[in-house]
Amino acid sequence: MKTQAALRPYDVVLIGGGIMSATLAMLFKHLEPTWTIAVYERLPEVGQEASAAWNNSGTGHAGLCEPNYSVENADGTLDFTRAVEINEQFQLTRQLWASLVEAGILGKPGTFVNPVPHLTLVHGQRDVDFLRRRHETMSAHPLFANMRFSDDPKVIGEWAPLLTDGRESAEPIAATRDITGSDVDFGELTGQLFHHLRWQDVEIHRNCEVRGLRRNNDGTWQLRVDWRTDNDRLTRKVDARFVFAGAGGWALKILQKAGVAEAHGYGLLPISGRFLRCDNPEVVERHDAKVYGKAPAGAPPMSMPHLDTRIVDGKRAVLFGPYPGINPRFLKKGSLFDAATSVRRDNVAPLSAMLGDNTELIKLLLSQVTMTRKKKLAALREFAPGIRPEDWTMVSAGQRAQIVKPDAERGGVLEFGTEVVAAHDGSIAAVLGASPGASVAPAVLLQVLDQCFPRYSRLWEPRLRELMPTLGQSLSNDARLARQTMARTAETLGLAGREVD
Ligand SMILES: Cc1cc2nc3c(=O)[nH]c(=O)nc-3n(C[C@H](O)[C@H](O)[C@H](O)COP(=O)(O)OP(=O)(O)OC[C@H]3O[C@@H](n4cnc5c(N)ncnc54)[C@H](O)[C@@H]3O)c2cc1C
């Protein structure tokens, strides 16, 4: 293998070609058009890992339907802080996409985002009562004012016929529905962003894997890139003033290679996923919703079952899942040794503590790996009793790499969100974790900019507001602004506006 001397120092190098790198590159190009930017992607195409359409569920997470984002306190009050936080973040996402559509940077919105109502479905009197109380509280909030509740099977059947077709059980059911929900093709969005960036002189190198990083004497980074062409393979050295590891499940590996102290103690729990997919038009046309149910008691949020309309390449389909399981890879196209090679002296204790604390979860994940198709279909029938097995095929989803981090009391804890880890000098940063990741990418990446470029924040704020006008304002505290903002983005993105009673 040939080795080539270091190339010119780029202002920014992004490792990985998923939605995170695409969004951050777009923000940099808007803020500093003259900065030099290069992206290195190990696969032959961008957007093929977690961001690819069929590797995730495509839910535009806004806290409208996910039961785990609103929990009941011991005193019976509802804590939906997390739902509000995610909704506020998703409103920024909608604003960024709307601005890019208006600027002609993104294509027709229907190519990557579509209106699909978000529903929560529960069974049994206890959960029906909880959902009613949840609706009463949440629908009084400006961001959830479109949420409707029903415990009438006839109404639920009108909202989503598959939920009531063939339902014979006398067990009570209830649902909430919010028509402002969306389905997103994050893979298509990633592709469109990179397509534009390429014309803006952002270098996008595919088949290029970053294998190593080290510090230069002047504080910049030198990346060792394994560069594959049709008939050659060479190692190139690339210098960068700022590095972003948008490497999905491999982001921690990049921080570890770079010796970033802030990543010490961090580990990952890899979780695979499978979906049942249905393309039969007769079924597909009877379902226009993303319906989330409650995860079984003690099970993690990613095992929360959901029956989803998906719109990919203009075609509609329905998926159910995600049947989480254990798989040692941190990326779908990663290595069987990912988990083993990520264990370091600094994260052994947090990882062991996390495993000790989560034996039930590990058992559940292992049991899902061996779950028969019959049992998987039984789980689907709890949502859609009338389904025909022959309409559904099993497909593999992307890999989730859930964060394990040190904890003073418990030694190590498992986290289910998305987290920014940056070096103290702001020269390198990464995004770890999975959902609600892609939906809240702009908000997460604004944190990267804040943490790594504090000197620029004053300068950049007005330019960021051109893309996200309500940046820095709380929509929760201003019902009028919330209504106006949602109406504007709904119109530009072709999403549903306000519910009319
Ligand atoms: C089953 C599942 C369901 C999900 N559902 C949802 C959902 O409904 N809504 C939602 O908002 N989010 C969802 N998510 C989360 C969402 O998919 C992720 O947050 C998002 O796609 C992460 O984007 P990324 O750019 O960080 O990573 P990725 O899309 O994984 O991209 C990382 C890229 O980096 C490349 N790479 C890695 N290492 C290197 C290296 N050393 N050199 C060069 N290239 C490298 C990889 O090949 C890959 O292309 C889901 C995830 C999963 C797995």
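A residue is called buried when its relative accessible area is under 20%. In this predicted model, 6 of the 8 residues of strand β12, which covers residues 221–228, are buried, so this strand is largely enclosed by the rest of the structure.

**Strand β12 and its partners**
- Strand β11 (residues 208–215) pairs with β12 in the antiparallel sense over 7 bridges, and within this pairing Val210 stands opposite Val225 of β12.
- The hairpin of β11 and β12 has 5 residues between the strands, and in this hairpin Gly219 takes a positive phi near 90°.
- Strand β13 (residues 233–245) also pairs with β12 in the antiparallel sense, over 8 bridges, and Gln222 has Asp239 in β13 as its bridge partner.
- A hairpin is formed by β12 and β13 as well, with 4 residues between them.

**Phe186 in helix α6**
- Phe186 belongs to helix α6, which spans residues 186–199, and because its relative accessible area is 2%, Phe186 counts as buried.
- Leaving aside residues up to four places away in sequence, Phe186 touches several residues, among them Ile19, Trp97 and Ala438.
- Although Phe186 and Ser57 are 129 residues apart along the chain, their C-alpha atoms are separated by 9.6 Å.

**Ser342 in a loop**
- Ser342 lies in the loop between α9 (338–341) and α10 (348–357), and with a relative accessible area of 6% Ser342 is buried.
- When residues up to four places away in sequence are not counted, Ser342 touches Gln256, Phe330 and Asn347.

Definitions and conventions. Residues are numbered from 1 along each chain as its sequence is written. This is a predicted model: local features need pLDDT of at least 70, side-chain atom pairs count only at pLDDT 80 or more; totals for chains, interfaces and linings use all residues. Side-chain values use heavy atoms; hydrogens and water are left out. Helices (H or I, at least four residues) and strands (E, at least two) are DSSP runs, numbered from the N terminus. Buried means under 20% relative accessible area, exposed over 50%, partly exposed in between (1.4 Å probe, protein chains only). Contact means heavy atoms within 4.5 Å. Two strands pair if DSSP finds at least two bridges between them.
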